[in-house]
Structures are given as C-alpha cells and as structure tokens.
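Hi everyone, thanks for coming. I'd like to walk you through one chain today, going residue by residue and then stepping back to the whole thing. Have a look at the slide first.

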Amino acid sequence: MKPLSRPLFAAVAALFALLMIGTRFHHFGDVLHLPDASMALFFLGGIYLRKHLAFVGFVVLSVLVDWYSVSYAGVSDFCITVAYSFMPLAYAMLWYAGRLLAPRYDGSLKSHLIVFGGLLVSATLSYAISNGAFYWLGGRYTEPNATQYVQRFLQWAPLFVRAAAAYVLAAQVVQALLFRFAPGARDGRAARA
C-alpha cells in the first residue's frame with residue numbers, strides 16, 4: 001500500500017483520534033459504548049499513517065485521554081501504576097507490526113489475510129506486554145505467580161484481541177469497498193484527486 005497523500009493522512013489521523021477519544025473511556029463497552037479501539041488504531045496507524053511522529057502523537061493522546069478520564073470523568077485509577085510506563089512499548093508492538101505489513105497490503109485477499117493474521121499476533125503480544133507489566137510490576141497482586149498470571153491472561157486476552165480484530169476487520173471491509181468502487185483508490189490516484 002502506498003503512503004497516503006497529505007490531505008488523506010490528515011483526515012485518517014483525525015478520524016483515528018476521534019475514535020480513540022470516543023471509545024477509550026469504556027474499555028469493554030456496554031449498550032451505549034463501543035469497546036476501546038486503541039489497540040486496533042495503533043495497528044491501523046502503522047499501516048495507514050506509518051510516521052514515527054504520528055505514533056508519538058497517538059501515545060500522547062492516549063495518555064491525555066487516560067489522564068482526563070481519571071482526573072475528571074470518574075474513571076478508576078486502578079490501572080495507573082508504574083506498569084503504565086510499558087504502554088508505549090505495547091502500542092509500539094502494534095504500530096510497527098502494522099507498518100511492517102503496510103507494503104504488502106495491496107487489497108488482495110491474501111494481503112487481507114496476512115494483515116489480519118498480523119493483527120492477531122501483534123495484539124496478543126501487545127496485550128502480553130501491557131498485562132504482564134501490570135501483573136508483575138503493578139503492585140496490585142500480593143503474591144504474583146506464573147499460574148495465576150497465565151489464568152488471567154487466558155481470561156482477558158481474548159476480549160482485548162477480539163475487540164481489536166473487530167475494528168481491523170471493519171477497516172479491511174471499508175478498504176475493500178473503496179478499492180472496488182472508487183476508481184484509482186488502489187494506486188493512490190483517488191487520494192490525490
């Protein structure tokens with residue numbers, strides 16, 4: 001996939017920022033709220049936005065949203081521990097996996113499958129980083145042990161990976177429709193028009 005034109009880059013970055021702000025307050029979702037899209041947005045950011053500075057901007061945005069939600073929106077600060085400092089590493093796993101796969105993402109069925117598989121692997125590893133740091137370094141568990149960690153990982157990882165997968169799948173459908181119905185979208189002409 002070719003890099004986005006400057007106007008399309010700005011539009012996609014703005015859309016991703018709005019989705020992060022709109023979904024990050026409620027991590028699991030409920031009847032009124034969508035699940036947190038952050039993991040998917042970091043992966044998709046690596047595919048579509050790619051730039052290192054954009055990655056830094058989204059990390060800063062995630063921290064600001066968390067700070068606001070804890071300071072002013074009544075969200076619990078239970079997850080804010082020293083382990084929170086590992087979140088940029090967890091997000092980098094997603095961003096740079098997406099960035100690595102971006103040149104192969106040409107709209108073919110094979111490339112969609114590769115990207116989706118890449119998301120499943122990188123989201124699982126990203127969750128292992130963030131959850132592992134929280135479990136082992138967060139100070140919330142009095143006697144951490146490997147058995148309990150594996151049980152908790154197996155309980156919660158599928159929920160986070162599934163939410164990221166649903167968002168990435170939706171993005172893949174949108175891209176497939178654009179490639180199918182927007183003349184020139186596949187080779188970037190529509191983005192410059």
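Let's start with A83, which touches A133, F134, L137 and G138, leaving out residues up to four places away in sequence. By contact I mean heavy atoms within 4.5 Å. Before I go on, a word on the source: this is a predicted model, where local features need pLDDT of at least 70 and side-chain atom pairs count only at pLDDT 80 or more, while totals for chains, interfaces and linings use all residues. Residues are numbered from 1 along each chain as its sequence is written, and side-chain values use heavy atoms, with hydrogens and water left out.

Okay, back to A83. Where does A83 sit? You'll find A83 in the loop between α3 and α4 (87–101). The helix names follow DSSP runs, numbered from the N terminus: helices are H or I with at least four residues, and strands are E with at least two. Is A83 buried or exposed? With a relative accessible area of 3%, A83 is buried. Here buried means under 20% relative accessible area, exposed means over 50%, and partly exposed is in between, with a 1.4 Å probe and protein chains only. If you want a distance, the C-alpha atoms of A83 and F42 are separated by 19 Å, and those two are 41 residues apart along the chain.

Next up is S62, in helix α3, which covers residues 52–71. S62 counts as buried because its relative accessibility is 2%. What does S62 contact, leaving aside neighbours within four places in sequence? The answer is M20, R24, Y84 and Y91. There's a polar side to S62 as well: a polar atom of its side chain lies 2.7 Å from the backbone oxygen of V59.

Now move along to helix α5, residues 109–137, where S122 is found. S122 has 2% relative accessibility, so S122 counts as buried. Neighbours within four places aside, S122 is in contact with F43, M93, L94 and A97. From S122 to H112 you go 10 residues in sequence and 15 Å in space, C-alpha to C-alpha.

Helix α5 also holds N131. N131 counts as buried too, at 14% relative accessibility, and N131 touches Y149 and F153, again not counting residues up to four places away.

One more residue: R50, in the loop between α2 (38–48) and α3. R50 has a positive phi of about 65° although R50 is not a glycine. At 16% relative accessibility, R50 counts as buried.

Now let's zoom out. How many helices and strands does the chain have? There are 7 helices and 0 strands. The radius of gyration is 17 Å, close to the 16 Å that the globule rule gives for 193 residues, so the chain is as compact as a globular protein of that length. That radius is taken over C-alpha atoms, and the rule is 2.2 Å times the number of residues to the power 0.38. Along its principal axes, the C-alpha trace spans about 60 × 35 × 35 Å.

Buried residues make up 41% of the 193 residues. As for contacts between residues at least 6 apart in sequence, 73% join residues at least 24 apart. That's my tour, so over to you!

Terms used: Polar contact = N/O pair within 3.5 Å; in protein donor to acceptor, adjacent residues only side chain to side chain.
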